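Hi there,

Here is the structure I promised to pass on. Have a look at it first, and then read my notes below.

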Amino acid sequence: FWLKAFLSLSINPSCCFRGGVSHLPSSSTSTMGKVHGSLARAGKVKNQTPKVAKAEKKKILTGRAKKRFVYNRRFVSVVKGGPKRGPNSNMK
């Protein structure tokens, strides 16, 4: 599909030739430049970083227990007075 659309386009050679380098698409991949470097250096940074063990976390609530937690946080333990603060605020 895309090939038919590409071939149906009329290409003006004067607009595709800039500074001695042709910008027409070519089927040869040998003339294209390298993009991401050699594969010999793949994973270099990941292998250099020290391994840190994951910390233990509290089990996340699901279902009814989560709904109860959210309700209590939003409506029950709300402090009256003062400016409204977001859920991630560290202001005292």
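**What turned up on the surface**

Y71, F75 and V76 together make a nonpolar surface patch of about 360 Å². Please keep in mind as you read that this is a predicted model.

Let me start with F75, which sits in helix α3, the stretch covering residues 64-76. F75 counts as exposed because its relative accessible area is 58%, and the cut-off for that word is over 50%. Y71 has a relative accessible area of 47%, so this residue is described as partly exposed.

Those two residues also have something to do with each other. How many aromatic pairs does the structure hold? There is 1, and Y71 and F75 form it. Their rings are 5.5 Å apart, centre to centre, with 45 degrees between the planes, which makes the pair tilted. Along helix α3, Y71 and F75 are 4 residues apart, so about one helical turn separates them.

Now for the charged side of things. Which residues form the positive surface patch? They are K46, K51, K54 and K57. One of them, K54, is found in the loop between α2 (44-48) and α3. Is K54 buried or exposed? With a relative accessible area of 82%, K54 is exposed.

Best wishes

Technical notes. Residues numbered from 1 in each chain as written. Predicted model: local features only at pLDDT ≥ 70, side-chain atom pairs only at ≥ 80, totals over all residues. Heavy atoms only, no water. Patch = residues over 30% accessible without salt bridge, like charges linked within 9 Å, V, L, I, M, F, W, Y side chains within 5 Å. Areas by Shrake-Rupley, 256 points an atom, 1.4 Å probe, with all protein chains shown as cover. Salt bridge = Lys/Arg side-chain N within 4 Å of Asp/Glu carboxyl O. Helix = DSSP H or I, 4+ residues; strand = E, 2+ residues; numbered from the N terminus. Buried < 20%, exposed > 50% of the residue type's maximum accessible area, 1.4 Å probe, protein only. Lys, Arg positive; Asp, Glu negative; His and termini not counted. Charge placed at Lys NZ, Arg CZ, Asp CG, Glu CD. Phe/Tyr/Trp six-rings, centres within 6.5 Å; stacked < 30°, edge-to-face > 60°.
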